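Try each task before you read its solution.

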Amino acid sequence: MNDQGDAGQGEFIPHDMVSSGQLARPDEVLPDTLQLIPVNGRPYFPVLVQPIVVDQEPWGPGIERVAESAHKLLALSYSPFEEDDNYPRPDHVRDVGCVVRIHRLQQVKGHYQFIAQGIKRFRIREWVRREPPYVVRVEYFDKVPAEDENQLRAYAMSLIDVIKELMTLNPLYNEELKQYLSHFSPHDPGPLADFAAAITQASADELQDILETIPLLPRMEKVLMLINKELEVARLQSEINRQMQSEVNEQQREFFLRQQLKTIQKELGIAKDDRQADVEKFTERLEGLEVPAYVQERVDEEIDKLQVLEPSSAEYGVTRNYLDWVTAVPWGVTSEDNLDLVHARQILDRDHDGLADVKQRIVEFLALGAYRGEISGSILLLVGPPGVGKTSIGKSIAQALGREFYRLSLGGMRDEAEIKGHRRTYIGAMPGKLVQALKQVKTSNPVIMLDEIDKINSSFQGDPGSALLEVLDPEQNSEFLDHYLDLQVDLSKVLFVCTANQLDTIPGPLLDRMETIRLAGYLTEEKLLIAKHHLWPKLLSRAGVNKSRLRISDAALRKIIDGYAREAGVRNLEKQLGSVVRKAVVNLLENNKPVSVTGQQVEEYLGAPLFKKQSSQRDVGVVDGLAWTALGGTTLAVEATALQTGTRGFQQTGQLGDVMKESATIAYSYVTSNLRALGAEEHFFDKVTIHLHVPEGATPKDGPSAGVTMATALLSLARGERIKRPIAMTGELTLTGRMLPVGGIREKVIAAKRAGVKEIILPADNQRDYDEIPDDIRSGLDIHFAARYQDVARICFG
């Protein structure tokens, strides 16, 4: 696009070059066919002489042709910038514009820069070329309707009076205003009106309206209204500056008086020593705070001790540090909560695409606080795979409430002193992280995020998980005792938001204190929206690349998601997009042309896809199961084959864990004891060794949810027929054929949908978990709920 200098700040035309908006040579005939460049900042007026900067692409060829012409005339017309376009389209260009003559044309780093001397208004009559560089056929406003001279003179004098007052209020325009008033008289009202409009900060649409108003009286009426608004703003700004200057002068006076007082005290020998200065500083910190009585009593005791200690003693340093921390805690200071649910929804929708059920849970949580009038004593636990937005949701909650935000990573923490602080008797002792957080945010009711709470370790130094039991218990944390302060700190007003990838490693008593919200992961469409609205703009901003210079199509994003970033979160997707941006920037520097990444070009940027398209495995003895991992759900093929060994046998491979081996044994026992009831030959397993395998043998696997899948693979082998249609299944199987519920239903359903499997078998007791899944995920799926394995066999082979 292009950039136009600030109105009123440019170099104005001398009076011998301009008269009534015309050139000094009135006999010069202006061409009716001109090159046109849209301006997107403000309309350009005939009285202006200002620098203009335009992009070399796509306007360079047109600029060069104008520079090589004899007249050097160019048409400028205002056009609002459309975000979806690289440049304004003809339909967006306003019909009325300004003819300018270009001077001092220079090419600088992919741009053209020149001085534009405004000449005359024009109206576009016809578009000769509708692709950049634009060419238009124009007509000029040579005949201006006659106006009442007395009215024109009155309006002109009013404009001059306002301009003169502006000159006294805002020195920024002083020289330009003086120069103009010395070159133009009130008898030349046309340029005066244009000049007055150009120096205002009016909107582009208002200025365009003035440019399109040809009769002088209506034009001057509109300009007078705009410049009077400008005068009111200048008066207000002048008053604000006067007040600020008065305050600054008062502060300077106070500073000089204090310096003089210090000098006098020093000369008289009554200057304060370090102890007195420290005592005054700590006392002043607590002024205006709602300090509990027991805290104030402890502070008074420590201050009395400080006043009798020598500053050079070690005990003085210990006491001073203690007072420094105690007085830095924001006792009784709270920020006001914003309990507007509409505002909360807007923040969550702005920062996150998808996760509709999670955002609804958070809004419901905030609604309870809004109904109660305050949000306190609440602990949220966000559980989900890496990269699904747990930390950013915590930040959004803080923004929605208008609270300060503090993030504390618990990953690898093994010392309980990190939570509860060290005793003052130790060298280098400090308060715990929670007190440090309160000091940093300067309020008693922040949102504190306890990140990676499932990765806390225990050691001989203590158990941080046990220390958190007091912190995360609303009945106890109002009297949280920090070992360093040895004072009770009220944490009941803090909103704690914890994050975890899995629940297995979180101690039961700690988990019992938190309200769990699960983030299962994103579907392809949700990832596509996140990439378009968040990841891609962030990467372009980080690289300093204009979005008009580097674009990526939806097809390319979809191909990256399916082939290179199939995990539940979007962290790897961001890495892949970052790789595309880096390689595209190389092309930008080498070719200096805008880059557009299409679906066919993805492999050129990222190489061969890491993932092949998932498809249902259908063969004799092969069945698709559904599994849960810390990274989200996945499909898992189970394979069974019979070895003609002459003896009965059963073996398993695929790095199966103990629980999964037990599930395989149960499946084998159940199927062999019920072959006739299940429609297979009764003695099929008598003289064969069954080999059961779960592919990707390098990956350890465990859990009970593959029991029904293993049984179906064995039954398929015994019946000698494959499953009739693509079906995925999950569920724990008992020796009596009952189907027991399993976890991770949402993640498994998403994995099946991602693999293109539309029919799923789930345990009947998991129907409640399935009903909680959002409708957009459940759409298009055919779900069977089975209470016994006979139901599964009927669905697969019936």
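**Exercise 1.** Which residues form a nonpolar patch on the surface together with Ile240, and what accessible area do they have together?

*Solution.* Start with the ground rules: this is a predicted model, where local features need pLDDT of at least 70, side-chain atom pairs count only at pLDDT 80 or more, and totals for chains, interfaces and linings use all residues. Residues are numbered from 1 along each chain as its sequence is written, and side-chain values use heavy atoms, with hydrogens and water left out.

Now the patch: Ile240 teams up with Leu236 and Met244, for about 290 Å² of accessible area together. (Patch members have over 30% relative accessible area and no salt bridge; nonpolar side chains, meaning Val, Leu, Ile, Met, Phe, Trp and Tyr, are joined within 5 Å, and like charges within 9 Å. A salt bridge is a side-chain nitrogen of Lys or Arg within 4 Å of a carboxyl oxygen of Asp or Glu. Areas come from the Shrake-Rupley method with a 1.4 Å probe, and for residues only the protein chains shown count as cover.)

(Helices are DSSP runs of H or I with at least four residues, strands are E runs of at least two, both numbered from the N terminus.) Its relative accessibility is 39%, so Ile240 counts as partly exposed. (Buried is under 20%, exposed over 50%, partly exposed in between, with a 1.4 Å probe and protein chains only.)

**Exercise 2.** Is Arg42 buried or exposed, and which backbone oxygens does its side chain reach?

*Solution.* First find Arg42 in the loop between strand 4 (33-39) and strand 5 (49-55). With a relative accessible area of 15%, Arg42 is buried. Then follow its side chain: it reaches the backbone oxygen of Ala198 at 3.0 Å and that of Thr200 at 2.9 Å.

**Exercise 3.** Where do the buried residues of helix 26 fall, seen down its axis?

*Solution.* List them: in helix 26 (residues 789-797) they are Tyr789, Val792, Ala793, Ile795, Cys796 and Phe797. Down the axis they fall within an arc of 165 degrees, so they line one face of the helix. (The arc is that of the directions from the helix axis to the C-beta atoms.)

**Exercise 4.** What is the phi of Lys442, and where is this residue found?

*Solution.* Phi of Lys442 is near 60 degrees, a positive value in a residue other than glycine. Lys442 is found in the loop between helix 14 (433-441) and strand 12 (447-451). At 59% relative accessibility, it counts as exposed.

Conventions: Polar contact = N/O pair within 3.5 Å; in protein donor to acceptor, adjacent residues only side chain to side chain.
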